[in-house]
Amino acid sequence: MAYPYPDSPQHIGHARTYSLTDVHARYMRMRGYNVLFPMAFHYTGTPVFAISKRLAAEDKGLIDIFVRVYRVPKEALESFVDPLNIARYFHEEMKLGMKEMGYSIDWRREFTTVDPHYNRFIEWQFQMLKKAGFISQGSHPVGWCPSCGNPVSQHDTLGDVEPQVEELTLIKFTYDGLILPTATLRPETIFGVTNLWVNPKAEYVEALVNDERWIVSVECVKNLQYLGHDVKVVKTFLGKEFIGKKAKNPITQAEELILPADFVDPDEATGVVMSVPAHAPYDYVALANLKEEVHRLKEYGLTIDVVNAIKPISIITIAGHSEVPAEDVVKQMNVTSQLDPKLKEATRELYRRELHQGTMKENAGAYANLSVIEARARVKEDLIRSRGADLMYELADGPVFCRCGAKCLVKIFKDQWFINYGDVTWKALAHQQLSRMEILPDELRQEFKYVIDWLHERACARKSGLGTKLPWDPDWIIESLSDSVIYMAYYTIVKHIKDYGVRPEQLTDAVFDYVFLGVGDLEKVANDCGLSPKVLRGMREEFLYFYPLDSRHSGRDLVPNHLTFMIFNHVALFPEGLRPRQIVVNGSVLMEGQKMSKSLGNVIPLRDAVEMYGADPLRIAVLTAAEPLQDVNFSPSLARSAIDRLERLYKFAFDVLQTAKGELEASLKPIDRWMISRLQNYVRMTTEAMDELMVRKAAHISLYELDRDIQWYLRRTLSEKEDPRRREAIAKALKEVLNVQVRMLAPLVPHVCEEIWEMMDEKGFVSLAPWPMYDESKVDIKVEESERLIESMLEDTLNILKVIKKVPRRICYYTAASWKWKVYLKILERSILAYAKISELMKDLMKDEELKGIAKEVVEFSSRIIREVGSMSEERKRMLLQMGAIDEFEVLKDSVEFLQKELRAKVDVWKEDDLSRYDPRGRASLASPGRPAIYVE
């Protein structure tokens, strides 16, 4: 699983990914595998520097969180002036939390990413990537922290937000020698522009940008400068000064009116927006709002007639939409205000549909009839060539903040080192590897494909922070999402490095080539590095023993970076057969419906949570409350319910073991065989779920569904406990159930299960016991169906009593005549082969002399059973046919004592064809196989 960044304690949210990984490791161990489940700590990067800087500046809010929430002692806090001390402190805190949660980690392989030995490993990785041509130096737009003076990645931002750089087209509208640049993701919509928007209350500037005079927001100036533009501010004014003026469209040459809009954020792009109300929900709603604000128009010297004359211009055809798609989406989502947050989703949805399904209309000039995708590229290219547009870069889904607190932006960084994930050949190899991998849940496969496609050059080094120096340019430090993509290979050899006292300088590139790639002569490599051939051979053998990586676990937030980078780097460095086999992804954890956030004060450190609720209840709470990709909504009540459930399990175990003595008796009653037969079904279903890592489903089966059968078994055998022999047999049957249940639950709740395992006098640890195997010899479908009959009869009778609202004195059950079983089984047989037509069926049935004599009854009965059988699953039909006729009379007769106790009435059982039966209302004739008739008086 992804090793953690130790800049704060782990919280309940981290417990989900880590607990799922531990469950996986424990399950595979019990299946007989030798499981390597290691852990390390990711010190690389600048976050601890940002924290140290804020603490040194006496940031009261941060100090309060560290002292009150994280409970950091004063003397430790004082040492945090050294960023490395922050990482060391929380490293130990996290390690203790992992141990307290019961994670079955091989701590012999622990390391940090600033260990000199690991630095050598990363240097080798980067030398290999450079040789392969995947690393280059140049000028590219990167996410940037102006305070830290460094590129930023997900690990550097507050909330672990991935700073994705977005390319915008700046379309240059002109007014009186000035340029009003409007930033857009959709340059092809220039043909649908009806007006421009500015924020009347925001500050704008006239500025010399390179050799042009631009009108942009004050906030935009700094962004343009970081993008490499030469910007000199001439004057500042409010946006309202430009309202009512007109700017020329560079393609259509139309004069577009400049209007006021509150939704325009001066902090986004240039603060000037082109309005395309037919295809942009924000523009459609803003225009509608403005038409209702006559008083506001007068303030700017505009008349309502001028604004009413503005009509949406439809330029894109898209199936399922009217001429004005923005209107469709807005009405569908019931949006009436330009400040409604739903507009963001409306915009995203419409843009996506038009991009993939839209076609340009005839009014798009030279771009008519092109797909939107093609028109977008060509319009942008033509505008830039004619100097009617420029490019601008911005962070998508901003604002994004560095951990130091500064707002991040985009910078064109010169002489920056990049990993080129945009390389077409490399992408093809990544796609090929993805196609060979198992992705759980598989629905995320498309997301991985998308990420592989859109990844491009990525800054891989920075000037400050902790980590490995770039081997050919040591002024640079390799960043945290570049040194954390193949470290799982290092886990396989780090134990040897520690055991044999290998020095960092002995880990030459030739050593890594031999160990990981099998390249080089063993004796020569050993002689050159000063290590024993035995040590190098052991490292190589252990690497090949454990590799390839069988399973990689992480949260969904790492799909766009860490997990996909792992695929890229493995296909670049390792041969086929040594590349990852599986990635497992899970959702997040919410705290009572809200995202966990320090600002909301709802972050509970993991160790505090263990202290409050216990490790096993926490494991249940974070792993069984939602499907893998759904967010778990954690709450104290969820944890308490898990505690209650485990306490019931423990009490059940205690009660069973208090009674059970000696070996299980050979002579079992049908109800005992039913319990053991049902147990096999739960073993099969739980195993199937665990093989797919559907832990929630597995837990539900082994903890809750199995318990329902246990409770039914206890209910059915309650009256038999007076007999010492029966009491002993029941306890022994339950001990067999308990033995299996504890082993099925051991990966999920190891602490409770180890306690129960010891109480059972079993040898060793349950975590090392074999996983229970489905035993077909113990499956008895006839006894299961018989018990199902008893349960359904009890339920049907109770439902009748609810309806009639009377206290019963006598209840009679009538089991179906033997001829009905003949007909029933024949219909089952024919329905499996083909649909049982009544005419063909009757020909077959009339060959039987007994049935021929009661042809009318047979026809009526058959018509009813054909409908009933038609609604059955094929699996159930085959099972019933395999089972054959059940002696329902004997089954119910043996259960009379139980039924009388449950129903508090005298119970009689009769055969339908028993002429001496008590049947004052003639109910017996209604009996059919599996559904005896009922009479209540």
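At what angle do the axes of helix α6 and helix α17 cross? Select residues 116–131 for α6 and residues 509–517 for α17: the two axes come within 10 Å and cross at roughly 80°. Axes here are lines fitted to C-alpha atoms, for helices over the stretch in contact, with angles running from 0 to 180 degrees between N-to-C directions. Helices are DSSP runs of H or I with at least four residues, numbered from the N terminus. Angles of 65 to 115 degrees count as roughly perpendicular, and α6 and α17 are therefore roughly perpendicular to each other.

Before moving on, a word about the model. It is a predicted one, where local features need pLDDT of at least 70 and side-chain atom pairs count only at pLDDT 80 or more, while totals for chains, interfaces and linings use all residues. Residues are numbered from 1 along each chain as its sequence is written, and side-chain values use heavy atoms, leaving out hydrogens and water.

**The α6 and α17 contact**

Back at the crossing of α6 and α17, show side chains. On α6, pick R120, F121, W124, Q127 and M128; on α17, pick D509, F512, D513, F516 and L517. These residues make the contact, meaning heavy atoms within 4.5 Å. By class, the contact has six nonpolar, one polar and three charged residues. Ala, Val, Leu, Ile, Met, Phe, Trp, Tyr, Cys and Pro count as nonpolar, Asp, Glu, Lys and Arg as charged, and the others, Gly among them, as polar.

**Salt bridges**

Next, turn to charge pairs. A salt bridge is a side-chain nitrogen of Lys or Arg within 4 Å of a carboxyl oxygen of Asp or Glu, and the whole structure has 71 of them.

Select D340 and K342: their closest N and O atoms are 3.2 Å apart. D340 is buried at 16% relative accessible area, whereas K342 is partly exposed at 35%. Buried means under 20% relative accessible area, exposed over 50%, and partly exposed in between (1.4 Å probe, protein chains only).

Now go to helix α12 (residues 342–357), where R352 and E349 lie three residues apart, about one turn of the helix. Their side chains meet in a salt bridge of 2.7 Å, N to O. R352 is partly exposed, at 43%.

Finish in helix α13 (residues 372–385), with D382 and R385 about one helical turn from each other. Their salt bridge has its closest N and O atoms 3.0 Å apart. D382 is partly exposed at 26%, and R385 is exposed at 57%.

How values were computed
Helix = DSSP H or I, 4+ residues; strand = E, 2+ residues; numbered from the N terminus. Parallel < 35°, antiparallel > 145°, perpendicular 65-115°, else oblique.
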